[in-house]
Amino acid sequence: MTAQTYLAYDYPLLGAFWTMLVIFLWIMWFALLFRVVADIFRDDDLSGWGKAGWLVLCVVLPFLGVFLYVIARGRNMGRREAMRVRAQREEADSYIRMTAAGGSSSVDELARLSEIRNQGVLTDEEFRRAKDLVLSGRGPAERAGTAGTGASAR
């Protein structure tokens with residue numbers, strides 16, 4: 001018999017199953033350990049000493065420390081994670097809204113310029129120059145500086 005045949009006899013299917021189960025449990029253990037350590041650092045309710053204490057407990061006695069942390073503070077781990085995800089989503093949504101609003105800002109700016117001209121603050125020549133700047137697509141700071149110079153000269 002060859003060496004491969006002996007390996008098959010020495011390592012049966014049930015042994016392979018137990019090995020995969022142990023590897024899976026170790027991976028789950030490390031995922032839980034990393035999640036607990038990340039939650040310790042992200043928690044704003046814990047003081048610096050509290051964070052240090054939990055971290056030392058999780059490093060010195062990892063199984064006991066992680067299980068005690070999950071028992072003592074595990075209920076709020078999901079809430080803190082959900083709040084963090086919600087805050088990231090709101091930040092992304094506000095960024096998208098701010099970026100998407102950039103296309104309609106020239107229309108809004110033209111409407112404001114028209115109102116200012118109707119109030120008599122801008123002359124027709126100043127309005128035409130400001131309108132040309134808006135339609136040329138220059139930055140808001142340059143447009144505001146040009147429009148403000150004409151308006152402040154009156």
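Visitor: How many helices and strands does the chain have?
Guide: This is a predicted model, and its chain has 7 helices and 0 strands. From the N terminus, the elements run α-α-α-α-α-α-α.

Visitor: OK, and what share of the residues is buried?
Guide: The chain has 154 residues, and 18% of them count as buried.

Visitor: What about the accessible surface, what does that come to?
Guide: About 11,500 Å² for the chain, with 65% of that belonging to carbon and sulfur atoms.

Visitor: Which residues make up the largest nonpolar core?
Guide: There are 10 residues in that core: Trp29, Leu33, Val36, Ile40, Leu46, Trp54, Cys58, Val66, Tyr69 and Met77. Helices H2, H3 (48-60) and H4 each supply at least two residues of this core. H2 gives the largest share, with 4 residues.

Visitor: Take Val36, then. What is it in contact with, leaving aside neighbours within four places in sequence?
Guide: Val36 is in contact with Cys58, Val66, Tyr69, Val70 and Met77.

Visitor: And what lies apart from that core?
Guide: Another core, of 5 residues, lies apart from it; Leu122, Phe127, Ala130 and Val134 are among them. As background, nonpolar side chains tend to be buried together in soluble globular proteins.

Visitor: Changing topic: how much space lies in the largest pocket?
Guide: About 160 Å³.

Visitor: Which residues line it?
Guide: The largest pocket is lined by Asp39, Arg42, Asp43, Asp44, Asp45, Arg80, Glu81, Met83 and Arg84. By class, the lining has 8 charged residues, 1 nonpolar and no polar.

Visitor: Which helices supply at least two residues each of that lining?
Guide: Helix H2 (13-42) and helix H4 (62-100) do. H4 gives the most, with 4 residues.

Visitor: Now over to Ser136. Where does it lie?
Guide: Ser136 lies in helix H6, which covers residues 124-136.

Visitor: What separates its C-alpha atom from that of Ser106?
Guide: The C-alpha atoms of Ser136 and Ser106 are separated by 9.9 Å, and the two residues are 30 residues apart along the chain.

Methods: Residues are numbered from 1 along each chain as its sequence is written. This is a predicted model: local features need pLDDT of at least 70, side-chain atom pairs count only at pLDDT 80 or more; totals for chains, interfaces and linings use all residues. Side-chain values use heavy atoms; hydrogens and water are left out. Buried means under 20% relative accessible area, exposed over 50%, partly exposed in between (1.4 Å probe, protein chains only). Accessible areas come from the Shrake-Rupley method with a 1.4 Å probe; for residues, only the protein chains shown count as cover. On a 1 Å grid over the protein atoms alone, a cavity is a set of points where a 1.4 Å probe fits but cannot get out, and a pocket is an open set with protein on both sides within 12 Å along at least five of seven lines; lining residues have an atom within 4 Å of a point. Grid points are joined across faces, edges and corners, and a volume is the space filled by probe spheres set on the points. Ala, Val, Leu, Ile, Met, Phe, Trp, Tyr, Cys and Pro count as nonpolar, Asp, Glu, Lys and Arg as charged, and the others, Gly among them, as polar. A nonpolar core is a set of buried Ala, Val, Leu, Ile, Met, Phe, Trp, Tyr and Cys residues joined through side-chain atoms within 4.5 Å. Contact means heavy atoms within 4.5 Å.
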